[in-house]
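The sequence and coordinates are shown below for reference.

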Amino acid sequence: MEKIVVGFSRPKKWKPFAWLIMVGYGIPYDHVYVRMHSDSYERAIVYQASKSMINFMGTTVFEADNIIVKEFQVDISTENKKALMQFAIDNAGKPYSIKEAVGLAWVRINALFGRKITNPFKDGTNGYVCSVLADYILDHYTTVKVPGDFEDADPRFLYDYLDSYLD
């Protein structure tokens with residue numbers, strides 16, 4: 001059994017979109033990422049939806065711009081890690097789903113008024129926001145099965161679930 005990490009972070013410098021997420025959800029982070037270790041390259045790789053697309057980043061570059069708030073280690077089989085890396089490579093470069101982000105904001109606004117709705121602007125696997133990408137990975141490649149539709153996963157929901165499930 002191997003491990004991947006699902007992490008939660010915030011930018012070191014003030015960014016309006018990050019600030020809106022943190023204020024809107026009342027949380028000290030705005031971003032969710034998955035970190036994996038590549039034995040063949042002897043490197044840790046951050047896989048995420050950010051900067052307008054799904055991308056890979058080395059940890060040195062990632063940590064230069066972000067404050068890591070908390071990370072959760074998740075078991076993954078060797079076979080599923082290979083499948084995850086194949087998925088990650090095949091999906092790198094897909095767009096960050098602005099449509100889905102707007103939908104999650106609409107869900108949050110409704111929740112503040114006591115209304116529970118699902119994301120009206122789901123994007124399937126055409127594009128992702130960070131929390132949806134991380135939830136998709138958990139649901140499809142690990143034994144951690146987050147309840148609900150992966151396209152409704154916001155950062156706070158995912159953090160709270162992992163915090164209660166893994167700690």
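A residue is termed buried under 20% relative accessible area, exposed over 50%, and partly exposed in between. The structure discussed here is a predicted model.

Asn80 belongs to helix α3. Its relative accessible area is 31%, so Asn80 is partly exposed. In sequence, Asn80 and Met1 are separated by 79 residues, while their C-alpha atoms lie 9.9 Å apart in space.

## Lys81

Lys81 is also located in helix α3, which spans residues 78-91. Because its relative accessible area is 8%, and the limit for burial is 20%, Lys81 counts as buried. Apart from neighbours within four places in sequence, Lys81 contacts Glu2, Met36, His37 and Ile76.

In soluble globular proteins, nonpolar side chains tend to be buried together. The largest nonpolar core of this model has 39 residues, and the members touching the most others are Val6, Phe8, Phe87, Tyr128, Ile137 and Leu162. Helix α5, covering residues 130-141, makes the greatest contribution to this core, with 8 residues.

With residues up to four places away in sequence set aside, Phe87 touches Tyr47, Tyr128, Leu133, Tyr136, Ile137 and Tyr141. Two of these partners, Tyr128 and Ile137, are themselves listed with Phe87 among the core members that touch the most others.

Trp19 is situated in helix α1, which comprises residues 16-25. With a relative accessible area of 41%, Trp19 is therefore classed as partly exposed.

Definitions and conventions: Residues numbered from 1 in each chain as written. Predicted model: local features only at pLDDT ≥ 70, side-chain atom pairs only at ≥ 80, totals over all residues. Heavy atoms only, no water. Core = buried A, V, L, I, M, F, W, Y, C linked by side-chain atoms within 4.5 Å. Buried < 20%, exposed > 50% of the residue type's maximum accessible area, 1.4 Å probe, protein only. Helix = DSSP H or I, 4+ residues; strand = E, 2+ residues; numbered from the N terminus. Contact = heavy atoms within 4.5 Å.
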